[in-house]
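This report looks at pockets and aromatic contacts in the model shown below.

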Amino acid sequence: MPIDSLRVLFHFDAGPALRERLVPLLAGLDVRWCAEQDEERFAGLLPDTDVLWHVLRPITAADFDRAPRLRLVQKLGTGVNTIDLDRARAGGVAVANMPGANAQAVAEQALALMLAALRRVVPLDAATRAGRGWPVDTSLPEKMGEIAGRTVGLVGFGSVGRILAPPLAALGATVLHHTPSGGPATPGWRTLDDLLAESDIVSLHLPLTAETDRLIDARRLALMRPGAILVNTARGGVVDQPALVAALRSGHLRAAGLDVFSAEPVDPADPLLRLDNVVVAPHAAWLTLETMERSVRAAAGNCHRLAAGEPLLNRVV
């Protein structure tokens, strides 16, 4: 079928500058934009949509029911836990993702959260703005530290972990990693429990599946070193959030850096947001101009393959 006859719904509200930057990558495509929070527009566009470019807002069975023409859900990213895969499969709708497209951005955000937690960037920023920065708190050396000399454990060692490991090593950290498929013969590999027990900083880089749901629970948090830091740029559901709150309140964990939460958007009343040893971001680790360009280029490529009847890249369903 002609590529310009495919109607693409881009479920993201890009600003004017980003749209202009992306125009060359959208050549030949009939793209309609829709903000993720605009449910009325989304419902109105779905019936005529052939391809949905999906970001974060969950795609449910009800959404599939409203989209009789839908042929492809293209995830702009890696995790497909926000897509009803069973319903897609039952309706003959293809689902594809794009591993690695956001890896650089997520790796950099993980490093930023580690540093922010270690150096108490957020509370120091707030204190300085409020005129409480001087005289300097003499207890700061007990609360702050460096990456150099610490052990950083990466849970998941795919594209993000492999980008993150070299700068950590260059800063003087010892880097360990865990993947289910690894083993003692792989340098730096540890069992999950051993990695947690040996690491000063633990950074999560794995998908949310039935096997990883609340993988980091109260028992595993207790295995972590006293004063350790947990960073999560993967999925909030990988961590038992109430158990994390308890570990942070008790002082067992020094801090946490979180880009993701078990429920999103995170409730402003969530107890995690009341802790000054927690650095947070709104699931935006992936969101850079460079990532968006890579993602749209990959998504457009799969649209051309779909129109030409060619195999899709990175097809999940």
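## Largest pocket

The lining of the largest pocket divides into 17 nonpolar, seven polar and six charged residues, where Ala, Val, Leu, Ile, Met, Phe, Trp, Tyr, Cys and Pro count as nonpolar, Asp, Glu, Lys and Arg as charged, and the others, Gly among them, as polar. The largest pocket is lined by 30 residues, and Leu56, Glu264, Pro265, Pro282 and His283 lie nearest its centre; its space comes to about 760 Å³. A pocket is here an open set of points on a 1 Å grid over the protein atoms alone, where a 1.4 Å probe fits, with protein on both sides within 12 Å along at least five of seven lines, and lining residues have an atom within 4 Å of a point. A volume is the space filled by probe spheres set on the points, which are joined across faces, edges and corners.

The model is predicted, so local features need pLDDT of at least 70 and side-chain atom pairs pLDDT 80 or more, while totals for chains, interfaces and linings use all residues. Residues are numbered from 1 along each chain as its sequence is written, and side-chain values use heavy atoms, with hydrogens and water left out.

## Second largest pocket

About 630 Å³ of space lies in the second largest pocket. Of its 31 lining residues, Thr78, Gly79, Leu206, Pro207 and Arg235 are the closest to its centre, and the lining divides into 14 nonpolar, 14 polar and three charged residues.

## Aromatic cluster

Ring pairs (centres within 6.5 Å, for rings of Phe, Tyr and the six-membered ring of Trp) link Phe10, Phe12, Trp33, Trp53 and Trp286 into a cluster.

Notes
Rings of Phe, Tyr and Trp (its six-membered ring) pair if their centres lie within 6.5 Å; planes under 30 degrees apart count as stacked, over 60 as edge-to-face and the rest as tilted.
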